[in-house]
Amino acid sequence: ALRLDLGLIDEACQLLQDAELCMTRCVHLVPWQHAQFCLLKLRWRKLKYRVGLAPSAPLDAPNAVLYRDPKTFATCICPAVDSPLYRTFLQRAKPPQIVAVSEWVPPYERQPEEALRLYMQEFLQVARLVLKEGGNDLRQLLQLLDEALEENLRTEAMLLSDPERAPLFQRIFPFFACFAAAARNRKALLFEPPQGAGPPPVEVEKLPLKVALNLQRQLQRQAAEGALAYSGTALETAKKQMMYRSMMRHTISLRRECDLFSSLFLETRLLSDQLHIALTQCCEAYVKARILDENLLKSLETPEEVPEGGHVFVRWSLPDLRATAEASEVSESKPPTAVCTSLLVFLCPLGEEEPRPLLARSLVHLAALQKRADILSTDLCRPATAVSASYMEQELREVVRVLRGLPGPPEKGEDERLEAALEQFLLDLAESEASEEEPKLLKSELLQAAVAALIALLDPNVGAAKVSHVSLAKFLRTTFAPLDV
């Protein structure tokens with residue numbers, strides 16, 4: 001992973017191939033490790049395409065191109081003695097492997113549609129493994145979805161070279177639906193308490209022994225840590241049954257410990273995965289509260305039409321090649337990539353007014369983004385019956401600057417489409433119903449709903465979000481129009 005961040009593509013490839021060879025000799029491989037290997041392999045392939053080294057050379061290519069292709073060296077077919085590549089071949093060629101290996105780069109002859117179909121089949125197998133046996137790891141699942149989305153976007157860009165072909169947004173939308181559902185389910189699992197009596201207790205005997213002992217020791221030392229002590233009867237009951245809420249807190253804390261060290265300690269990771277498997281077999285509430293429903297994964301295989309309405313989806317992630325970008329020449333107009341976060345936005349169509357979806361990409365300065373979100377959150381908490389339109393216009397201009405990655409807010413009159421969208425957005429929130437009159441005050445209730453939806457989109461910590469607000473969707477469509485991919 002470090003070499004991929006540094007842009008050392010060849011060294012990362014060698015390490016991954018060595019790891020793949022070692023994995024074939026393992027009697028039992030932890031599912032999380034297999035999924036992590038697949039993730040790193042997909043990242044390597046994406047970066048290989050990005051630097052222009054991935055496509056295999058055609059058979060009729062010149063020698064200067066043909067014998068730079070790694071697949072050509074793998075065949076061990078030596079060029080002619082008088083060829084200028086003869087000595088290079090003798091230095092770089094290796095004996096061919098006598099066992100079947102996995103495909104790292106698709107052959108040149110394969111069509112993009114066929115390559116994408118095979119790619120998605122293998123991706124869905126790994127994604128289902130993450131959900132069932134890989135510990136339901138949200139971070140790993142989102143990263144896998146990121147790589148699959150990038151492959152779909154790359155294939156679409158290749159197919160759009162045909163001027164008669166229209167973009168196929170049905171392939172793209174299910175990924176954002178999965179992003180939003182995973183982030184929403186994780187938030188509900190962490191912060192929303194069960195309603196009523198809650199799920200039934202979990203049988204302790206069905207849990208891993210180490211987990212059961214850890215839970216009992218935590219209950220026993222609770223009094224020594226200044227909390228309310230459990231009675232002897234409660235401690236005896238906990239040896240047989242454990243409350244679902246207490247079980248989930250322990251599961252989440254164990255997962256956080258794994259994430260803190262990137263699952264470096266295999267024993268802790270293995271225990272977390274064993275607990276996940278045990279809960280899926282003995283606790284129906286845990287199965288229903290999983291991070292992502294498999295029905296959403298099926299939508300990636302059979303895409304449907306993109307729904308209409310004011311739906312806005314965002315996906316926050318770390319940019320690729322961060323260390324390489326940081327060491328490169330820094331532009332005065334834009335911050336270095338190392339202090340930025342990558343943003344992907346998908347806006348659903350708005351009927352006849354905007355019949356086409358919008359997909360945009362931006363590189364956002366993280367500190368500036370957090371500052372804007374904090375200011376909007378503070379304004380949302382202040383009691384007010386109305387808000388000045390000029391103040392809100394100034395704040396929205398700053399939001400546009402941050403989301404577009406600009407050094408300064410756009411000047412008034414610089415972007416006519418943005419000016420018209422900003423004016424219409426303020427009119428939708430105004431107290432006056434006269435559309436021709438410039439709004440002076442904005443309705444507090446309407447503004448609170450719009451600002452709350454905007455704050456939900458500006459939180460990179462959740463990873464992904466979805467909001468439904470027609471007026472905000474129209475304004476954001478104009479905001480991201482210059483960044484349309």
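Author: The expected span of a helix is 1.5 Å times one less than its number of residues. This is a predicted model, where local features need pLDDT of at least 70, side-chain atom pairs count only at pLDDT 80 or more, and totals for chains, interfaces and linings use all residues. Residues are numbered from 1 along each chain as its sequence is written, and side-chain values use heavy atoms, leaving out hydrogens and water.

Reader: How far does helix H19 reach from its first C-alpha to its last?

Author: Helices here are DSSP runs (H or I, at least four residues), numbered from the N terminus. H19 covers residues 416-428, which is 13 residues. At 1.5 Å a residue the expected value is 18 Å, and H19 comes close to it, reaching 18 Å.

Reader: Which residues of H19 are buried?

Author: Buried means under 20% relative accessible area, with a 1.4 Å probe and protein chains only. The buried residues of H19 pack against H18, strand S7 (441-443; strands are E runs of at least two), H20 (444-457) and H21, with contact meaning heavy atoms within 4.5 Å. They are Leu418, Glu419, Ala421, Leu422, Phe425, Leu426 and Leu427.

Reader: Are H3 and H8 roughly parallel or oblique to each other?

Author: Axes are lines fitted to C-alpha atoms over the stretch in contact, with angles from 0 to 180 degrees between N-to-C directions. Those of H3 (residues 31-50) and H8 (residues 138-159) come within 10 Å and cross at roughly 30°. Angles under 35 degrees count as roughly parallel, over 145 as roughly antiparallel, 65 to 115 as roughly perpendicular and the rest as oblique. H3 and H8 are therefore roughly parallel.

Conventions: Buried < 20%, exposed > 50% of the residue type's maximum accessible area, 1.4 Å probe, protein only.
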